[in-house]
Amino acid sequence: MANDIRDRVTNIFQKRVANPLMRRLPIQTLLETEGRKSGEPRRTPLGGSRVGDQFWFVSEFGEKSQYVKNIEANPAVRVRLNGRWHNGTAHLVPDDDPQERLRSLPQFNSFGVRTFGTNLLTIRVDLTD
């Protein structure tokens, strides 16, 4: 019950306050998925790390996240890194240890994911350009 309330409060804050502000920052990393119902682009600010031709990040709410549901419907995504867009294919990696993965990602974002996340899920994007 407490996790449900925390998830709802976090979700409302992210959707109405944090995400609209973060999307406007030109250096903010963004994940763009295709809305599974609307077909419209959906941009989500997030933190992660590029390792070669892959981009790794951890979802706070796993398969409950709307962008994860969008990835499940269509794994073709775009990622904006340092102001430049890259096409890619996203893969859910449930066998990866998300706590260990967070230790290798930017610490500011990882702190938030660890603090508010209740269903952590690692995601890898294979970048194609």
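**View A. L81 has R84 of strand β6 as its bridge partner.** The model shown is a predicted one, in which local features require pLDDT of at least 70 and side-chain atom pairs are counted only at pLDDT 80 or more, while totals for chains, interfaces and linings use all residues. Residues are numbered from 1 along each chain as its sequence is written, and side-chain values use heavy atoms, with hydrogens and water left out. Strands (E, at least two residues) and helices (H or I, at least four) are DSSP runs numbered from the N terminus. Strands β5 and β6 pair in the antiparallel sense over six bridges; two strands count as paired if DSSP finds at least two bridges between them. The loop between β5 and β6 (84–93) contains N82. The phi of N82 is near 50°, a positive value in a residue other than glycine. Most residues other than glycine have a negative phi. N82 is exposed, with a relative accessible area of 74%; exposed means over 50%, buried under 20%, and partly exposed in between (1.4 Å probe, protein chains only).

**View B. Strands β1 and β2 form a hairpin.** β1 (residues 30–34) pairs with β2 (residues 41–45) in the antiparallel sense over five bridges. L31 stands opposite T44 in β2. Six residues lie between the two strands, and G39 in the turn has a positive phi of about 75°.

**View C. Seven strands form an open sheet with antiparallel pairing.** Their order is β2-β1-β5-β6-β7-β4-β3. The edge strands, β2 and β3 (49–51), each pair on one side only. From one strand to the next, the twist averages 35°. Helix α2 packs on this sheet and touches β1, β2, β4, β5, β6 and β7; contact means heavy atoms within 4.5 Å. The direction of α2 makes about 50° with that of β1, where axes are lines fitted to C-alpha atoms, for helices over the stretch in contact, and angles run from 0 to 180 degrees between N-to-C directions.

**View D. Y67, V68, N70 and I71 are buried in α2.** They lie on the same side of α2, because they cover an arc of only 155° around the axis; the arc is that of the directions from the helix axis to the C-beta atoms. The cover over the buried residues of α2 includes β1, β2, β4, β5, β6 and β7.

**View E. Helix α4 (residues 107–116) buries S110, G112 and V113.** These buried residues fall within an arc of 160° seen down the axis of α4, so they line one face of the helix. They pack against β4 and α3 (98–103). F108 and F111, on the other side of α4, are exposed.

**View F. The largest nonpolar core has 15 residues.** A nonpolar core is a set of buried Ala, Val, Leu, Ile, Met, Phe, Trp, Tyr and Cys residues joined through side-chain atoms within 4.5 Å. L31, F55, F57 and V125 touch the most other members. Two or more residues each come from β4 (54–59), α2 (66–73), β5 (76–81) and β7 (121–127). Strand β7 gives the most, with four residues. Neighbours within four places in sequence aside, F57 is in contact with L31, L46, G47, G48, Y67, L105, L121, T122, I123 and V125. Another core, of six residues, lies apart from the largest one, and includes W56, V58, L102 and L105.
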